[in-house]
Amino acid sequence: MSAPSLDTTMPHVPHDGTDAEARPIFAAEPRILGLPASAWPRILAPIAVGVLALGLWEFLVRWKEIPPYILPGPVLIGQTLIADWGTLSGSLWITLRITFMALFAAVVVGVTLAVLFTQSKWLEMSLLPYAVVLQVTPIVAIAPLIIIWAGDINLSLLICAWIVAFFPILSNTILGLNSADHNLINFFQLYGATRWQTMRYLKLPAALPYFLAGLKISGGLALIGAVVAEFVAGTGGSESGLAYRILEAGYQLKIPRVFAALIMISLSGIAIFLVTSWISHLLLRRWHESALKREN
Amino acid sequence: MDPGSARRRRSVRDGRKTFDSSKMDHQALDTAYLSRPHVEGSGAKPLVSVRHVSKQFANGTLAVRDVNLDLGTGEFISLLGPSGCGKSTLLRMIAGLGAPSTGTIDWPTTSHDASGKPERDLGFVFQDPTLMPWANALSNVMMPLILKHVPKREAEARSAEMLALVGLKGFEKSYPRELSGGMKMRVSIARALVMRPKILLMDEPFAALDEITRHRLNDDLLELWWKTKFTAVFVTHSVFESVYLSKRIVVMAARPGRVMADLDVDAPYPRDELFRTSADYAHLCRVVSGKLKEAIGS
């Protein structure tokens, strides 16, 4: 090779290599409170819309004198949220625990099955239809059966949430494992890579973006599954999640409390989405198209 | 418009224009610069011996028909032909990607494993860089070593050395998306050579690059070949590229893919810009163009 030369047609400019290509984009942008200036409208615009909507809601409730057992105003809901925090936060914790356990089980079972399915076409042909059956059967319809069979109420809630959450991870991971570049597979063959090596170094990394997309969907679904299953179970007692608090408050016409619990569920869902998006961003930002910043 | 296609068209037109006028000095040139057939059974065993190889795809297409070819140690061989002439298929079969339908591909000088398969000591450069986007340049080059269970420390050192050899020192931590097309190809070449293979198979590696980059890479490839003494097999559809690089050009025809001519290019190495602009080079290109034209016409 003639002296370490680059093949760029222009004389070598410093920002042609390493991560320097991305750096000027960030460096050139002024920061406000530690965030790039362009990030603020993304945060402020939805907040402004939210504040406006809440103001309108409060105004309508007061102006039309709507009774709180029909539609409570945001201020009252906020007050209830603070007043009932002790009961509600305990229930939130229970719901979230089931959600995360279900999500964890969905990841383990989904990824394991996906790996097994790509190793054996027979396994995939024989079992995938049943995974689809689990996915398409309405959870509300089979929850009572699961509750009867499982015996333990927490276990049955966990199973229900898992059934709802695991399919997106399974199907996305299968798709990802099968979409490794064909030439790269050939390249691994050339060096006599074992099945395990091909899985470890090629197929799993190739499947990562797909898996993460599935995880984002399943995060929300696990929460929905946990709540819906508890609605169906309708059990009370000291170990109750948010769904039961909603049912209970509804029976007692404590509508502000219903809203407070609903808000907690929504915020949890948003938090789960943000966390999974953040994980996805961290894992993909260096290399995947979806995480790249483009100037044009 | 990409310069490659313009160049291809020009080469065909030139071929047509000069074909008749070159008929006269065709014979002369043949003996002066291009001599064949390759001497067979002249002592040294070839590295790879292709015998009566045909390949029929499942859909019935006859990609390659009855190809005989010996690849000698230290040669730089181009497989030249129009698209669909089976040159890539032949190259992949030599690499062990897909078995021939009939015929044999032997590696007379290499050892064979327990099941009788030759332990092919080769590197392969694909048409695209075919890098793992999630791994940086160094990790990409390290992959063959890791697959062969070379300790990580050693693999890193050897890969860094190889990257430096292809002119990418300082880019070890760069991800493929941060590199230009030519640089990605260099990483791909470094990865193919990191095991120090006896033979490097290249499947139209520079076809997607612009002409300036391609010339640069051709020069650097020749220098690498000259220094490290591997056998090179280079698939291309560019007459100019094949003449510039090769010791020997195998011209192939399409439908079905078959070998039409086997030519020696008797220009001395090292070759450089001076050779690229010389009258010798122009003559050789004209003759090879003529042969290619015959192959396409047949």
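Predicted model: local features only at pLDDT ≥ 70, side-chain atom pairs only at ≥ 80, totals over all residues.
## Chain A: overall build

Chain A holds 11 helices and 2 strands. Reading from the N terminus, the order is α-β-β-α-α-α-α-α-α-α-α-α-α. The chain has 296 residues, and 33% of them are buried. Take the contacts in chain A between residues at least 6 apart in sequence. Of these, 72% join residues at least 24 apart.

Domain 1 covers 28-67, and domain 2 covers 77-291. Their centres, taken over C-alpha atoms, are 30 Å apart.

## Helices H9 and H11 of chain A

Two packed helices are described by the angle between their axes and the distance between the axes. Start with helix H9 (residues 195-233) and helix H11 (residues 255-284) of chain A. Their axes come within 10 Å and cross at roughly 165 degrees. An angle over 145 degrees counts as roughly antiparallel, so H9(A) and H11(A) are roughly antiparallel to each other. Their crossing is right-handed.

Which residues of H9(A) and H11(A) make the contact? From H9(A) come Leu208(A), Pro209(A), Leu212(A), Leu215(A), Lys216(A), Gly219(A), Gly220(A), Leu223(A) and Val227(A). From H11(A) come Ile265(A), Ser268(A), Gly269(A), Ile272(A), Phe273(A), Thr276(A), Ser277(A), Ser280(A), Leu283(A) and Leu284(A). By class, the residues of this contact are 11 nonpolar, 7 polar and 1 charged.

## Helices H6 and H9 of chain A

H9(A) also packs against helix H6 (residues 139-150) of chain A. Here the angle is about 65 degrees, and the axes are 9 Å apart. H6(A) and H9(A) cross in a right-handed way.

On the H6(A) side, the contact uses Ile139(A), Val140(A), Ala143(A), Pro144(A) and Ile147(A). On the H9(A) side, it uses Gly225(A), Val228(A), Ala229(A), Val232(A) and Ala233(A). What classes of residue meet in the contact of H6(A) with H9(A)? There are 9 nonpolar residues, 1 polar and no charged.

## A single residue in chain A: Leu127

Leu127(A) sits in helix H5 (residues 121-136) of chain A. It has 14 other C-beta atoms within 10 Å. A residue is exposed at 12 or fewer and buried at 20 or more. Leu127(A) is therefore partly exposed. From Leu127(A) to Ala243(A) is 116 residues in sequence and 33 Å in space, C-alpha to C-alpha.

## Chain B: overall build

Chain B has 9 helices and 9 strands. Of its 298 residues, 46% count as buried. Among contacts in chain B with a separation of 6 or more, 73% involve residues 24 or more positions apart.

Domain 1 of chain B is made of two stretches, 41-121 + 197-280, and domain 2 is 132-195. The centres of the two domains, over C-alpha atoms, are 24 Å apart. In their contact, 10 residues of domain 1 meet 8 residues of domain 2. H6(B) gives the largest share of the domain 1 side, with 4 residues. That side has 8 nonpolar, 1 polar and 1 charged residues.

Helix H2 (residues 87-95) of chain B has 9 residues, and 7 of them are buried, so it is largely enclosed by the rest of the structure. The buried ones are Lys87(B), Ser88(B), Thr89(B), Leu90(B), Met93(B), Ile94(B) and Ala95(B). Just after H2(B) comes Gly96(B), with a positive phi of about 95 degrees.

Now look at Leu274(B), in helix H8 (residues 273-276) of chain B. Is Leu274(B) buried or exposed? It has 9 other C-beta atoms within 10 Å, so Leu274(B) is exposed. Leu274(B) and Lys198(B) lie 76 residues apart in sequence and 29 Å apart in space, C-alpha to C-alpha.

## Where the chains meet

The contact between the chains takes 37 residues from chain B and 26 residues from chain A. On the chain B side, four helices each supply at least two residues: H3 (137-147), H4 (152-165), H5 (181-193) and H6 (211-228). Which helix gives the most to the side of chain B that touches chain A? H6(B) does, with 8 residues.

By class, the side of chain B that touches chain A has 19 nonpolar, 8 polar and 10 charged residues.

Terms used:
Residues numbered from 1 in each chain as written. Chains lettered and ligands numbered in written order. Axes fitted to C-alpha atoms, helices over the stretch in contact; angles between N-to-C directions. Parallel < 35°, antiparallel > 145°, perpendicular 65-115°, else oblique. Left-handed = near helix turned anticlockwise from the far one by under 90°. Contact = placed C-beta atoms within 7 Å. Nonpolar A, V, L, I, M, F, W, Y, C, P; charged D, E, K, R; others polar. Domains from an automatic or database assignment.
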